[in-house]
Amino acid sequence: MRTIGGACREWGFFKVVNHGVDPDLMRSARGVWREFFYQPLEEKRRYANSPATYEGFGSRLGVEKGAILDWGDYFFLHVLPERLKNPHKWPKLPSSCREITEEYSKQLLKLCGFLMKVLSLNLGLGEEELQKALGGEEDIGACLRVNYYPKCPQPELTLGISPHSDPGGLTVLYVDDHVEGLQVRKNDEWISVKPTPDSFIVNIADQIQILSNGIYKSVEHRVLVNSSQDRVSLAFFYNPRGDIPLGPFDELVTPEWPALYQPMTYDEYRLSIRKKGLKGKSLGETLK
Ligand code: OGA
Ligand code: NI
């Protein structure tokens, strides 16, 4: 508990092992999605994403014409709430993709629920407070973004994902066992995260930084590509429901440490990021 608390304050990132998610399931999920991306473009295009829901297959949406694109494709799916789940957007091929992704999501939701308790207690709050603030177990949002970074002949000219912080609550990332790529900002340096097989990389996202009144950090990160191996990652986003105002917990606001943020709903937050074109900026920049 103490180690995680320290990591959330100092790095915004930590790894978890012995997390209760079946390692065979993890490897199958990564394998089946790698197979998905290995299919011909025509097959993948059947699931082309739309600006309205972001769901489906694509490259980065909403970038200006002429902008430098990130060197990666992704597939974005809603897991919760159930009503946002569009069965037509889930790949039919490989045939086991859907079932494996459902089971993977179920186990990750359980892990996230557990992590919420750990983070909440670590902040000195009751075990359930953080989960409640995000809207309760029934109403939270969860999405999966599967990233595929092909080999790149000139990796020094581009990035797999440009620097950004994740907008939601918490992100649980599963990466390839032996391909590095993720880098985390620490002061003015980029620190590479070495993969640990069967582990998850967890990071605090913007809304938990806000709820914790800046005690936990939503830290900027980016992805490098390389010329020798492609890379797959599964980013599971655990997000608040969209329509409740989120601001710092009263317990974490004191005369010495006043509230750093005004309450705002997650829907408003996302809109303001999109409108200002601030995707990829740190939370500090976003809220200015
Ligand atoms: C993301 C992300 C990191 C990675 O999808 O938001 O930061 O290693 N992914 O793919
Ligand atoms: Ni990210």
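## A strand pair

Strand β7 (residues 182–186) joins β8 in the antiparallel sense, over four bridges. Here strands are DSSP runs of E with at least two residues, numbered from the N terminus. Two strands pair if DSSP finds at least two bridges between them. V184 stands opposite I191 in β8.

## About the model

This is a predicted model, in which local features need pLDDT of at least 70 and side-chain atom pairs count only at pLDDT 80 or more, while totals for chains, interfaces and linings use all residues. Residues are numbered from 1 along each chain as its sequence is written, chains are lettered from A and ligands numbered from 1 in the order in which they are written, and side-chain values use heavy atoms, with hydrogens and water left out.

## The sheet

The open sheet has four strands, in the order β5-β10-β7-β8, with antiparallel pairing. Its edge strands are β5 and β8 (189–192), and each pairs on one side only. From one strand to the next, the twist averages 25 degrees. Angles are taken between N-to-C directions, from 0 to 180 degrees, and the axes are lines fitted to C-alpha atoms.

## The nickel site

Which protein atoms hold the nickel ion (ligand 2) as donors? They are H164 (NE2), D166 (OD) and H221 (NE2), lying 2.1 to 2.2 Å from the ion. D166 sits in the loop between β5 (161–164) and β6 (170–175), and H221 in strand β10 (residues 221–223), so the pair ties together parts that are 55 residues apart in sequence. Along the chain, the donors follow the spacing H-x1-D-x54-H. Donors are N, O and S atoms within 2.8 Å of the metal (3.2 Å for Na, K and Ca); water is not among the atoms, so sites may look incomplete.

D166 counts as buried, at 5% relative accessibility. H221 is also buried, at 5%. Buried means under 20% relative accessible area, with a 1.4 Å probe and protein chains only.

## Around ligand 1

Ligand 1 is surrounded by 14 residues. The closest are Y149, H164, H221, R231 and S233. A residue belongs here if one of its heavy atoms lies within 4 Å of the ligand. β11 gives the largest share of the shell, four residues.

Polar contacts are pairs of N or O atoms within 3.5 Å. A polar side-chain atom of S233 lies 2.6 Å from an oxygen atom of ligand 1. For an N or O atom in the side chain of R231, the distance to a ligand oxygen is 2.9 Å. For a polar side-chain atom of H221, it is 3.0 Å. The protein covers 97% of the 290 Å² of accessible area that ligand 1 has on its own, by the Shrake-Rupley method with a 1.4 Å probe.

How values were computed: Buried means under 20% relative accessible area, exposed over 50%, partly exposed in between (1.4 Å probe, protein chains only). A polar contact is a pair of N or O atoms within 3.5 Å; within protein, one must be able to donate a hydrogen and the other to accept it, and residues adjacent in sequence count only if both atoms are side-chain atoms.
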